Amino acid sequence: MPSDVKTSEDTSVSFHGWASTGTANLKQWSYHPRPIGPKDVEIEITHCGICGSDIHTITSGWGELKNGPCIPGHEIVGKVVAKGKDSHHQIGDLVGAGAMVDACGDCDDCKAGFDQMCEKKAFTYNDSFKDGRGGLSYGGYADRVRVNGEYVFKIPAQISAAEAAPLLCAGVTTYAPLKHHGAGPGKRVGVIGIGGLGHLAIQWAHAMKCDEVVAISTSDSKREEAKKLGASKFVNSKKPEEMAAAAKSMDIVVCTSFDKNQNWAEILQLVANRGQFVLLALPEAPLSIPGNAFIARHVSMVGSLIGGKDVVQEMLEFAAAHNVRPWIEKMPMSDANAAVKHMMDGRPRYRVVMETEAAARQ
Ligand SMILES: [Zn+2]
Ligand SMILES: [Zn+2]
């Protein structure tokens, strides 16, 4: 563990979860959480989604683990079982926590609603708190978690606990950039990759009443499902004639695929002149991109990371109102390794949510 990481532990309690030590083979492990602070909330976890980021982290694809054993999981849903004196949450509330669990609330980024860029933010796992109270952050493949209640969101009554889980990362990751770049009437949106992120992006763009929602995939097997999700068009990116017909036809393209062999020149052709190409999935290797689309056609390429806390709450309410739901497969939390393997094999349609035995009985 780096020596500048201050730890802080409540040795009277232990939380139990599934931890990685740098490979995808998770082991049962426990830790003492940090003492509950005035704004904190303790969640008894019932569900946790498996995000692509969990896999990149536990396999060390994004680099070595920072603080020793890492309990992944940042699509956390459960009940509030304890809270600090300044928390507005109520004991027993069904709540969720996503990919970040703390930020300063006071810097320019936080004030602008981009708290995910705050230098004092804490990601939900493989990170440390920087609020002066010390402590490391651990995720939701576990029985409990203690986090800043400002980053805990009430789940609208219309959304089930299991379906709420993927919204907390995959949901906001796709909702926030579409909203930010003006998806809505008059705009044509393309979604590259129909998986955990893409199947939500299609639903958001459809619910936002975009003129056209184009699903772009390497596999014709997704054609029918894309239509069910709300896509008005489908492009098979392996078919040159379909790619040529779709050239310059989308104002906003969100890319949820991190295919190592992505042909960037070809993909950028889809973006209309002056349109935006938004990178949502972080490839493990640097990108190699030809510059002509940027110069000649004023296409801009931007990235987007999750969403600030206000956007998360807005997204949950939008999902409730417009019936946007992830397509999920539930698997038992007691066999986290099987669930992770299912995800790594690329099999889920479209998101795996782990569930505790107690929640499964209800
Ligand atoms: Zn995630
Ligand atoms: Zn800040």
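Tyr350 sits in the loop that runs between helix H10 (336-344) and strand E19 (351-355); helices (H or I, at least four residues) and strands (E, at least two) are DSSP runs, numbered from the N terminus. The model is a predicted one, where local features need pLDDT of at least 70, side-chain atom pairs count only at pLDDT 80 or more, and totals for chains, interfaces and linings use all residues. Residues are numbered from 1 along each chain as its sequence is written, chains are lettered from A and ligands numbered from 1 in the order in which they are written, and side-chain values use heavy atoms, with hydrogens and water left out.

Most peptide bonds are trans, and most residues other than glycine have a negative phi. Ser60 has a positive phi of about 65° although it is not a glycine. Ser60 belongs to the loop between helix H1 (52-58) and strand E4 (76-83), and it counts as partly exposed because its relative accessibility is 26% (buried means under 20% relative accessible area, exposed over 50%, partly exposed in between, with a 1.4 Å probe and protein chains only). His298 also has a positive phi, near 55°. This residue is in the loop between helix H8 (292-296) and strand E17 (300-303), and His298 is exposed, at 55% relative accessible area.

Next come the charged side chains. The structure holds 23 salt bridges, each being a side-chain nitrogen of Lys or Arg within 4 Å of a carboxyl oxygen of Asp or Glu. In one of them, Lys179 pairs with Glu314, with the closest N and O atoms 2.7 Å apart. Lys179 lies in helix H3 (residues 161-180) and Glu314 in helix H9 (residues 309-322), so this pair ties together parts that are 135 residues apart in sequence. Both ends are partly exposed, Lys179 at 43% relative accessibility and Glu314 at 30%. Salt bridges that share partners also join Asp10, Glu42, Glu44, Arg144 and Arg146 into one network. Elsewhere, Lys341 and Asp345 meet at 2.9 Å, N to O, while Lys85 bridges to Asp86 at 3.4 Å.

What about a charged residue without such a partner? Asp115 is buried yet has no salt bridge, and the nearest side chain of opposite charge, Lys309, is 4.7 Å away (Lys and Arg count as positive, Asp and Glu as negative; His and the chain ends are not counted). Asp115 is in the loop between helix H2 (108-111) and strand E7 (122-123). Grid points are joined across faces, edges and corners, and a volume is the space filled by probe spheres set on the points. The largest cavity has a volume of about 90 Å³. Among its 13 lining residues, Tyr31, Phe129, Leu136, Tyr138 and Arg146 are the closest to its centre. E10 gives the most to this lining, with three residues.

Conventions. On a 1 Å grid over the protein atoms alone, a cavity is a set of points where a 1.4 Å probe fits but cannot get out, and a pocket is an open set with protein on both sides within 12 Å along at least five of seven lines; lining residues have an atom within 4 Å of a point.
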